[in-house]
Amino acid sequence: MSNSQHSDSGVDVLESDSPSKVNMHQGDEASSAQTDQTHFGFKQVATEQKATMVADVFHSVAAKYDVMNDLMSMGIHRLWKRFTLDCSGARSGHKVLDLAGGTGDLAAKFSKIVGENGKVILADINNAMLTVGRDKLRNMGVVGNIDYVQANAEMLPFPDNTFDIITIAFGLRNVTDKDKALASMYRVLKPGGRLLVLEFSKPSSEMLSKVYDLYSFHLLPKMGQLVANDSESYQYLAESIRMHPDQETLKGMMDKVGFEQTNFYNLTGGIVALHRGYKF
Amino acid sequence: MPAAQLVTAAIESAINTLLSLDESSDKALKPLSGKQLKVTLEEAPWPLLFHFSDRIDVLIPQPDQIADCSLEMSFITLQNLQDSSQITRLIQQQELRLEGDIHVAQHFSQLMTQLDIDWEQQLANYTGDVFAHNLFRALKQFGGQAKSTYGKFTRIVADGAIEEKRIAAPGLLVAAYCDKVNDLRSDVERLEARLNNLSLTTQNSVVKD
């Protein structure tokens, strides 16, 4: 089933509930395409299957997404997002794309900052996440300068040189072809604009890494089971984090597609890193 | 943990909570909507960027980030800023460095100083009217008494400084008086020692007899 709905600004936004049409949060590297196999956490699965499997994960966690985020990170994810906002240099009149925006934490903040002369697009490939995000923001009174778009990061449905700022927070690791997605972001970014990638990364100390492994592979699925009645999704979360490129690799990927002055900031000992790159 | 973001989150939360307690703050915020104010305190580790909309977002600005108005000052000067009419004087005295639109700073100063919060009403929402009213009446009485005591104390100190100082002994005279008292104390101690000695001698001669 597919339907059409209105965003706050009246723009028609295509939504699709059909797993076959929802090519979402796919997680694979380009090299795996040769074998038609991709990873789903630590498992190897067929590329076509993965889209549905990741879709299921996010459909499953959407309702409890915010609660689980607070619980799993002990609220620190809010500070990581604040840091992203600080590094964005956003100001009144800017056009911002919050990609894989989930439940809209960043979009809500950006909406206030860019004001009525600016525009925020909250985009996510997952219909369930987008619906939860839209309902949440509307209940918070965040309306008027925000649109909701169901979009695939690899093929962004926007003209070239559209946005001043693009953020993707905890979403890139679920994208099938990260190089393609980064190139797509580069295309829609205005010259002078910046991309901010907030993502789990590699802890900088061995000790922290061991504690973090213990936490994410043993405690996290149990918390998921207790709160969201879903341990498998949180097992996938932990595994997908380990499969994501480390800080230097991701920086190299951003450089490769054309971003300049690329750098990254390790947050909470490298558990999370914020990558920033400019298009000139 | 990003400490700076923790601090800005706390400041942001405090400011917006205060604004939400004053219904007229919406109106006062309107002239600032869409503006940014950068505040750099010499004693603080980070500058702060206040972004105004229907609320206030507090951010850490990027080094190259330009705001509508930038202020640089010490913490002491910040306290003087409560009176927005002082801004020009502070700039002239080079206690405050200002770049950009001065009205943004003035509006922000007015917004924060003219907050009109009915704290009794706020407390009554949690405790009920009677308790809140009695508590605030008691606090007002206590405040009145404290003010009155402070006033009396200030008057006494002022009287002492102005009236009594004129007839008070000068420092040299006090020092000479203290020396004399010390001499007298020494004389008394010597006399006491002699008396004790005499008394001991008398006792010894009685025992011999």
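## Salt bridges in chain B

B:Arg55 is partly exposed, its relative accessible area being 25% (buried means under 20%, exposed over 50% and partly exposed in between, with a 1.4 Å probe and protein chains only). B:Arg55 forms a salt bridge with B:Asp57, with the closest N and O atoms 3.2 Å apart; a salt bridge requires a side-chain nitrogen of Lys or Arg within 4 Å of a carboxyl oxygen of Asp or Glu. B:Asp57 counts as buried at 1% relative accessibility. Salt bridges with shared partners join A:Arg82, A:Lys109, B:Glu12, B:Arg55 and B:Asp57 into one network.

B:Glu12, buried at 5% relative accessibility, also forms a salt bridge with B:Arg55, at 2.6 Å between the closest N and O atoms.

## Basis of the values

The model is predicted: local features need pLDDT of at least 70, side-chain atom pairs count only at pLDDT 80 or more, and totals for chains, interfaces and linings use all residues. Residues are numbered from 1 along each chain as its sequence is written, chains are lettered from A and ligands numbered from 1 in the order in which they are written, and side-chain values use heavy atoms, leaving out hydrogens and water.

## A salt bridge in chain A

Over all chains, 18 salt bridges are found. In one of these, the side chains of A:Arg173 and A:Glu199 meet at 2.8 Å, N to O. Both A:Arg173 and A:Glu199 are buried.
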